[in-house]
Amino acid sequence: MSTPSAMVEARGIHKSFGSLDVLKGVDLDVRAGEVTVVLGPSGSGKSTLLRTLNHLEKVDSGSVRVNGELVGYRRSGNKLYELRERDILKQRTKIGFVFQNFHLFPHLTVLENLVEAPVAALRRPKKDAVAGARALLDRVGLADKADAYPRTLSGGQQQRVAIARALALEPELLLFDEPTSALDPELVGEVLDVIKDLAHRGTTMIVVTHEIGFAREVADTVVFMDGGRIVEQGPPGQVLDHPRHERTKSFLSKVL
Amino acid sequence: MPLTTDPPAERTAPERAAPAPADDPPPLKVVPVRHPWRWAAVAVTAVLIAQFVHGLVTNPAWEWEVFAQFFTAETVLKAVWVTLQLTVYGTALGFVLGVVLAFMRLSASPFLRWVAFGYVWAFRSIPLIVQLLFWFNLAYLYKRLDFGIPFGPGFFHFDTMGLVGAMGAAVLGLALHQAAYAAEIVRGGVLAVDAGQLEAAAALGLPRLRQLRRIVLPQAMRSILPNATNEVISLFKGTSIVSVMAIGELFYQVQVIYGRNGRVVPLLMVATAWYVLLTTVLSVLQHYVERHFSKGATR
Ligand SMILES: Nc1ncnc2c1ncn2[C@@H]1O[C@H](COP(=O)(O)OP(=O)(O)O)[C@@H](O)[C@H]1O
Ligand SMILES: [Mg+2]
């Protein structure tokens, strides 16, 4: 059923909060090594979609596969049984998530933030995890901040640490939920540079953002969401420069 | 990209600061506002304190030599030790049970939530002294059934079994009472931790217990600790209630001594001094424990 190159396959995702239908049947395919940028007005369901991809949010119906493996459920006949929490947690170690507000652990140093998950979730030896963490900090340009506490860092530095923390698990897929929206304008660039670097290394990523310039430069596919549906998707040159739908046009005219 | 309409702040600043760097006026001296009434209040308070201290030292009714004689008397020291044991065991058991109750109240199961709520409701409603007497009588009953030994002739004479039974009942009563309050304090502390922290821990695939022990609880400790210290201190002094069970803790022992020699005031001062001294030690400990858990905090 799945083509070998489709890393993420979301099919018919429905999700409502009470009487509010937030996702009304979303299909999304992401191929390995590609960058997908999700655009859309506030409240259109972008975050909710991203959170269903690693089962931070349960779906009402539909399914998510990452590398062919169902996320959060086990199929038996025509039914999907929710997995035990322990198994869901194991799946999440393969899917990195970067939050808008970083959510670094404030009582742990930068290095401890990075070492925590490899040691606790993957049972890596502490020494290897520390070595890996230092290499990652070096890569995001924060090698000298290993022993600092997160609150002493700028927003841009905190988000770079958060990206390094997600990378420490060597995930197959990285999800970004508006990674630069909480940053002062002059700090946006340093975070986008780190994400661009990941893109050039062939990391599979889904990035929710309002940075149109970034989408144009890095995205293989741009997805436009509105009202809980994907309105249109395609290469950036098509969606950003020749949008076919009125709603895409009016959204782009507001953010550009 | 949308730009804000406000010009950057630094553009206006240099223009205003730019002219006439040559003939600056001499720097102006800042004079803080005076507070004459504050000084008057200080003076009055100081006089009152001086009078009080003077009275303590010169009034012979305080009988400081009796105080000195009993402050480090062996019976008193033993009683202090019993008080400390009651406090430590009561606190430790109480907080262990309190943490369990707190997570029951935060759990997704309505049944567990209601059981925990019911516990807190019940043990906050029953006066500690009533509860203690109840447990004490249970222990008495239990011991008699077990060993068939009648209780000693009077409350002033314990055999070992009797003391263990009464101590056990007291610790149990204090702990159960403490747990109800600890549960609420821990629950409040956990709720004060940003929900994003648990979410980030879950997204990283940290095992559930690890999420709580390593991520949530250390952060919750910051708001738990001041309240918990209050509870420990109030339990420490609350152990004096246990004197109704004729356990040889500090307050009970002091009553026994002044019952014999009639020196009520100096002996009450002995108890007071010990309570103050040990509460001070606890407060100092609090300072260091709080400092440990404020790692990474900016305030
Ligand atoms: N946990 C939740 N409970 C109730 N409503 C929610 C919850 N999460 C999101 N929503 C609602 O779902 C809608 C879509 O939210 P979201 O996915 O965050 O949109 P976006 O990220 O595109 O701004 C919003 O109206 C939001 O208020
Ligand atoms: Mg969002």
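Modeller: B:W62, B:W64, B:F67, B:F71 and B:W274 make up one aromatic cluster. This is a predicted model: local features need pLDDT of at least 70, side-chain atom pairs count only at pLDDT 80 or more, and totals for chains, interfaces and linings use all residues. Residues are numbered from 1 along each chain as its sequence is written, chains are lettered from A and ligands numbered from 1 in the order in which they are written, and side-chain values use heavy atoms, with hydrogens and water left out.

Colleague: What counts as a pair?

Modeller: Rings of Phe, Tyr and Trp (its six-membered ring) pair if their centres lie within 6.5 Å. Planes under 30 degrees apart are stacked, over 60 edge-to-face, and the rest tilted. Over all chains, this rule gives 9 aromatic pairs.

Colleague: Why is the pair of A:F224 and A:F251 tilted?

Modeller: Their planes stand at 45 degrees, so the pair is tilted; the ring centres are 5.2 Å apart. The pair links distant parts of the chain, 27 residues apart: A:F224 is in strand β11 (residues 221-226) of chain A and A:F251 in helix α9 (residues 246-255) of chain A. Helices (H or I, at least four residues) and strands (E, at least two) are DSSP runs, numbered from the N terminus.

Colleague: Is A:F224 buried or exposed?

Modeller: Buried means under 20% relative accessible area, exposed over 50%, partly exposed in between (1.4 Å probe, protein chains only). A:F224 has 1%, so A:F224 is buried. A:F251 is buried too, at 9%.
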